[in-house]
Amino acid sequence: MALSILCADIGTSSLKAGVLAEDGRLIAYSRQQFLYLHTDHAAAEWFPALAAALYDIHEKKPSITVDALCISGNGPTIAVPSGETIRWNDAIPACKTQSLYIPRILAFKKKYPSIWNKSDCILSGPECLIYRLTGNSICILPEERYKKAYWTQEELEQAGFSLQDRNKLPPFVAPGTMAGCLTADAARIIQSPLVKEGTPVFCGAPDFISALVGTNTLPPGKLCDRAGSSEGLNICTDSPVSMDEVRTLPSVQPPLWNASYLLPESGILFSAFKNKIERECGHEIDFNTLVHECISSDMTDTTSSFAQGKRLMNDTALQVKHALSVLAQAVVNEHTLMPTSMTITGGQAANAEWMQMKANITGMKILVPECNDAELTGDAVFACMGMGLFSSLTDGAQALCRIQKIIEPHETI
């Protein structure tokens with residue numbers, strides 16, 4: 001009998017959850033918007049959001065049962081089980097270190113001194129939800145080379161953390177590790193027929209790592225466009241890239257690397273535009289309807305709100321085209337061929353008109369996966385690895401990343 005895995009990813013503005021089969025098929029999906037995302041207690045919403053997603057999925061597919069859970073999420077968010085949070089994109093004081101986490105841990109300690117003193121563990125985003133599910137504290141380290149981006153005991157000591165402070169940070173584990181099982185208390189609160197006490201809970205990864213796995217951006221020369229609140233173009237390379245505007249991090253698949261170009265506000269700007277239109281109209285507008293109205297409008301019409309949206313989408317696509325040109329130059333310097341196609345993931349992937357517009361402007365062939373939120377597919381790969389269903393990460397990614405549609409670029413007049 002085929003296994004099914006409940007995969008959940010903590011995003012910036014919502015929790016996405018999907019039940020995936022062991023072959024990567026998306027069986028059911030739910031998205032739960034956050035209400036506390038701009039508060040100091042953002043993490044308090046993640047567990048209820050997961051419970052709501054499970055309820056929603058059961059309502060849609062009452063016959064489903066789940067054999068395992070896997071959790072991923074944004075980082076370097078810092079949180080504790082009681083909900084106090086410093087998010088990955090919150091402004092914090094600068095700190096002279098290569099670590100992405102130490103400055104945020106310092107900021108958390110300063111902002112919440114009493115919470116820090118009484119907390120047994122200080123956690124990152126997905127690990128905080130994993131703790132609520134299993135009662136076990138861990139920290140997911142994507143790959144050994146990421147320790148510089150996380151922390152070492154020496155760096156923590158140099159930053160002024162006492163031994164007692166350092167002991168609050170949990171041990172590193174690899175993606176795909178079984179973090180524990182669903183506790184009786186968590187199962188009682190969730191109250192979903194999909195899961196029961198004792199259901200194994202596996203570690204996903206930071207969301208962008210899960211997305212790279214879920215789009216199979218693991219062989220050198222593979223490229224993906226991860227479009228959410230922010231947008232990142234990522235290409236796998238044989239060696240680290242050194243170039244302005246390009247960030248290089250280790251691939252989750254050693255000894256490879258990932259070169260990326262970030263558009264930090266593309267999704268946020270379109271979301272703000274959608275809110276503006278809804279205020280003008282006095283009612284909520286369906287995302288696909290809004291995109292269609294924008295694309296159908298005359299971009300030169302300075303009086304039309306929809307034309308404003310088309311200009312915003314056009315500008316974003318041009319920024320993506322620039323990002324691709326920068327990455328192309330960067331990888332040529334490292335003797336990697338730039339591909340002619342890229343896999344898309346995120347909210348934009350659900351709209352064929354937007355993807356056609358992006359393909360036309362960038363000249364890239366766009367591959368649309370069956371599961372638009374590739375973080376969930378990546379989580380399924382990690383869980384399957386943890387259950388021994390694949391011998392390697394690359395085998396799992398190749399098997400579960402299912403391309404649903406290929407959009408060819410058309411010449412525009």
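1. Lys276 and Glu280 both sit in helix α9 (residues 266–281). They are 4 residues apart, about one turn of the helix. Helices are DSSP runs of H or I with at least four residues, strands are runs of E with at least two, and both are numbered from the N terminus. The two side chains form a salt bridge, with the closest N and O atoms 2.7 Å apart. A salt bridge here is a side-chain nitrogen of Lys or Arg within 4 Å of a carboxyl oxygen of Asp or Glu.

2. A word on the basis. This is a predicted model, in which local features need pLDDT of at least 70 and side-chain atom pairs count only at pLDDT 80 or more, while totals for chains, interfaces and linings use all residues. Residues are numbered from 1 along each chain as its sequence is written, and side-chain values use heavy atoms, leaving out hydrogens and water.

3. The cut-offs are: buried under 20% relative accessible area, exposed over 50%, partly exposed in between (1.4 Å probe, protein chains only).

4. Asp225 and Lys358 form a salt bridge at 2.7 Å, N to O. Asp225 lies in strand β12 (residues 223–227) and Lys358 in helix α12 (residues 352–362), 133 residues apart. Asp225 counts as buried because its relative accessibility is 0%. Lys358 is buried too, at 1%.

5. Glu370 and Arg402 form a salt bridge at 3.0 Å, N to O. This pair links loops: Glu370 is between β17 (365–369) and α13 (374–386), and Arg402 is between α14 (393–400) and β18 (403–407). Glu370 is partly exposed at 25%, and Arg402 is partly exposed at 29%. Shared partners join Asp23, Arg25, Glu370 and Arg402 into one network of salt bridges.

6. How many salt bridges are there by this rule? The count is 18.

7. Last, the cavities. The whole structure holds 5 cavities of 30 Å³ or more. A cavity is a set of points on a 1 Å grid over the protein atoms alone where a 1.4 Å probe fits but cannot get out. Points are joined across faces, edges and corners, and a volume is the space filled by probe spheres set on the points. The largest cavity has a volume of about 70 Å³. It is lined by 11 residues, and Gly11, Thr12, Trp46, Asn74 and Arg87 are the closest to its centre. Lining residues have an atom within 4 Å of a point.

How values were computed. 1 Å grid on protein atoms, 1.4 Å probe; cavity = no way out; pocket = protein on both sides within 12 Å on 5 of 7 lines; lining within 4 Å.
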